[in-house]
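Keep the structure open beside the text and follow along.

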Amino acid sequence: EGGAFLETPLAAEFEIIDVNVRSTVHLAKLVLRDMAARDEGDVLITSSIASTMPGSYQAVYNASKSFLQSFAEALQSELEDTAVTVTSLMPGPTETNFFHRAEMDGTKVGKSKKDDPAQVARQGFEALEKGRRRVVGGSAKTKFQEAANKVLPDRAKAAIHRAMAKPDDE
């Protein structure tokens, strides 16, 4: 759920953690042992461009995506002597029901033009098929944002995110 951390319900934060972190770890544990034993398989983990920046007004969401990015990279390292591929997909804002469900319709990012979900999914699948470790999904704007986030200090990224995710009524 979007909004100031001090104001969002704790239950909503736990839902984000359960969906993004707990379920991904659970599923990975269930499938990767067999894949490694067979020395074949592919796993696509949906991280986010949000994983590259502190998430003002989406603190738990961005942190959960940072966890997923780190988790994917750790699994890649552990499985590098196998034929198992773990690919991290890092989409930017995508035209889905996400922003509505997160009650972020009244934010700059909620109102902005977003990437096509079919394009993002295709990019993720193609990267997985090619055995790539990660792919920034979506438009050139998202790819630029990822490149900028490599050099901007965290404080600047938090301020940028704050401007995009802060509800209009605050």
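The report below goes through a sheet, a helix and a few individual residues.

This is a predicted model, in which local features need pLDDT of at least 70 and side-chain atom pairs count only at pLDDT 80 or more, while totals for chains, interfaces and linings use all residues. Residues are numbered from 1 along each chain as its sequence is written, and side-chain values use heavy atoms, with hydrogens and water left out.

Let's begin with the sheet. Three strands make up an open sheet, ordered S1-S2-S3, with parallel pairing. Its edge strands are S1 (41–46) and S3 (134–137), each of which pairs on one side only. From one strand to the next, the twist averages 20 degrees. Strands here are DSSP runs of E with at least two residues, helices are runs of H or I with at least four, and both are numbered from the N terminus. Two strands count as paired if DSSP finds at least two bridges between them. S2 and S3 run parallel and are joined by four bridges, and Met-90 sits opposite Val-136 in S3.

A helix covers part of this region: H6 (residues 140–149) lies across S2 and S3, at about 125 degrees to S3. Such angles, from 0 to 180 degrees, are taken between N-to-C directions of lines fitted to C-alpha atoms, for helices over the stretch in contact. Contact means heavy atoms within 4.5 Å.

Now turn to helix H1 (residues 10–38). Its 29 residues should span 42 Å at 1.5 Å a residue, and the end C-alpha atoms are 41 Å apart, so the two values agree. The expected span is 1.5 Å times one less than the number of residues. H1 also has a kink of about 40 degrees centred on Asp-18; the bend at a residue is the angle between axes fitted to the seven residues ending there and the seven starting there.

Which residues of H1 are buried? They are Ala-12, Glu-13, Ile-16, Asn-20, Val-21, Thr-24, Ala-28, Leu-32 and Met-35. An α-helix has 3.6 residues a turn, so residues three or four places apart point the same way. Among the elements covering the buried residues of H1 are S1, helix H2 (59–78) and S2.

The table lists the burial of four residues, where buried means under 20% relative accessible area, exposed over 50% and partly exposed in between (1.4 Å probe, protein chains only).

| Residue | Relative accessible area | Class |
|---|---|---|
| Thr-85 | 16% | buried |
| Ser-47 | 1% | buried |
| Asp-39 | 40% | partly exposed |
| Tyr-57 | 13% | buried |

Thr-85 belongs to strand S2 (residues 84–91). Its side chain makes a polar contact with that of Asp-42, at 3.4 Å. A polar contact is a pair of N or O atoms within 3.5 Å; within protein, one must be able to donate a hydrogen and the other to accept it, and residues adjacent in sequence count only if both atoms are side-chain atoms. Not counting residues up to four places away in sequence, Thr-85 touches residues including Val-43 and Leu-128.

Ser-47 is in the loop between S1 and H2, and its side chain makes a polar contact with the side chain of Ser-51 (3.4 Å). Beyond neighbours within four places in sequence, its contacts include Lys-65, Ser-88 and Met-90.

Two backbone angles are worth a look. Asp-39, in the loop between H1 and S1, has a positive phi of about 60 degrees although it is not a glycine. Tyr-57, in the loop between S1 and H2, is a residue other than glycine with a positive phi near 70 degrees.
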